[in-house]
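Thanks for making the time this morning.

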Amino acid sequence: MNHDLSPPAPPRRARRIVLLGLVVSALAGVLFVLRRPLMMSAPACMAGQWDRCLGTFNGVVLMTLVTLPLAVLVAAALAYRRRAAGGSGAWRRSLAEVGMVHGTVPFLWLILMPGAGAGVVPGRVSLIPLRDLVTMGSLGIAGNLLVFASLGFFGPIRFAALASVPRILALGAGCSVLVETAQYVLRLDRVSSVDDVLVNATGAVLAGLASRRWWRTRTDAPPDPPRPGHTRPDAPAPSHTSAIGGHA
C-alpha cells in the first residue's frame, strides 16, 4: 500500500459551503449581540417613519441587515446574467460589486448625516494626527475601521488594478478625504479630522488583507478583443499571395 498519497483537496463546492456557513454564523453572532439596540429602531422602521428610522445609527444598521437578502438576490441575478453571456468568474465579480455597494453606502449615509447645527455651525477641521483618537473611543474607532472595509475587501476581488496594499491604502485614504471634505463644505456640524482618514484607510487595508487569497490578478482577466486593423500576437501571419493566387 502506498502511504505517500496525500488526501485529495476538498471540492470547491464544499469550501463554498463552509465559507457560507462561517458567514452566516458571524451574522447570527452580530445579530445576537446587537439585538436590543436594533429592536429599539424596529417599530419606527416598520411603521414607515423613515426620519426616525434612517436618522439613527441603530436604524441604519437594522435596515442594512434587513436588506441583506435583497443584496444576495441582486448578486445572484447579475451572476446568472453573466453566466448566460458566457462570462468567467460570474459569481465572484457579482458578489464583489454588490458587496462594495451594500457594505459602504450605509456608512456613508451615517457619516454625511447632518448634525443638530447643520447649516449654522461653520465647518471644523482637525489636522493634528492622533489627537482625536483619544476621544473616539473603542466604538468610534471600530466604526471608522468599517467605513471603507467593504471597499477594501471586495475591490481587489473585482478589479485587478486594486490588487496591492498601496493601492488599497490610496483608495481608502482618497475616499475618506472626499467624505471629510464634503462634511466641511456642506457644513454638516461635523469635525473633518485627519484621524478619520487614517483610521478609514487602515480599515480598508486590513479588510483587503483579509481577502487577499481571492484577489483578482491580471492573468484572470479575459483577453482584450482585437482592434480593427490589428492582429493578435498569437494570430498566424498573413499569406503574401496576390488576389489571383500567385506570389506577390
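**Confidence, helix packing and a pocket**

Where pLDDT is low, the predicted coordinates should not be read in detail. Over the protein chain the mean pLDDT is 82, with 77% of the residues reaching 70 or more.

This is a predicted model, in which local features need pLDDT of at least 70 and side-chain atom pairs count only at pLDDT 80 or more, while totals for chains, interfaces and linings use all residues. Residues are numbered from 1 along each chain as its sequence is written, and side-chain values use heavy atoms, with hydrogens and water left out.

Now the helices, which are DSSP runs of H or I, at least four residues long, numbered from the N terminus. Axes are lines fitted to C-alpha atoms over the stretch in contact, and angles run from 0 to 180 degrees between N-to-C directions. The axes of helix 8 (residues 149–158) and helix 10 (residues 194–210) come within 7 Å and cross at roughly 40 degrees. Here A149, G152 and F153 of helix 8 touch G203, A204, A207, G208 and A210 of helix 10, a set with five nonpolar, three polar and no charged residues; in this scheme Ala, Val, Leu, Ile, Met, Phe, Trp, Tyr, Cys and Pro count as nonpolar, Asp, Glu, Lys and Arg as charged, and the others, Gly among them, as polar.

Helix 10 also meets helix 9 (residues 165–185), with axes that come within 8 Å and cross at roughly 145 degrees. Among the residues making this contact are G172 and S176 of helix 9 and A204 and G208 of helix 10, and by class the contact has 10 nonpolar, four polar and two charged residues.

Helix 5 and helix 6 likewise have axes that come within 8 Å and cross at roughly 145 degrees. Their contact has 11 nonpolar, two polar and four charged residues, including R82 and R83 in helix 5 and R93 and E97 in helix 6.

Which helix gives the most to the lining of the second largest pocket? A pocket, on a 1 Å grid over the protein atoms alone, is an open set of points where a 1.4 Å probe fits, with protein on both sides within 12 Å along at least five of seven lines, and lining residues have an atom within 4 Å of a point. Helix 6 gives the most, with six residues, and of the 13 lining residues T64, T67, H102, V105 and P106 lie nearest the centre. The lining has 10 nonpolar, three polar and no charged residues.

Technical notes. pLDDT = per-residue confidence, 0-100. Helix = DSSP H or I, 4+ residues; strand = E, 2+ residues; numbered from the N terminus. Contact = heavy atoms within 4.5 Å.
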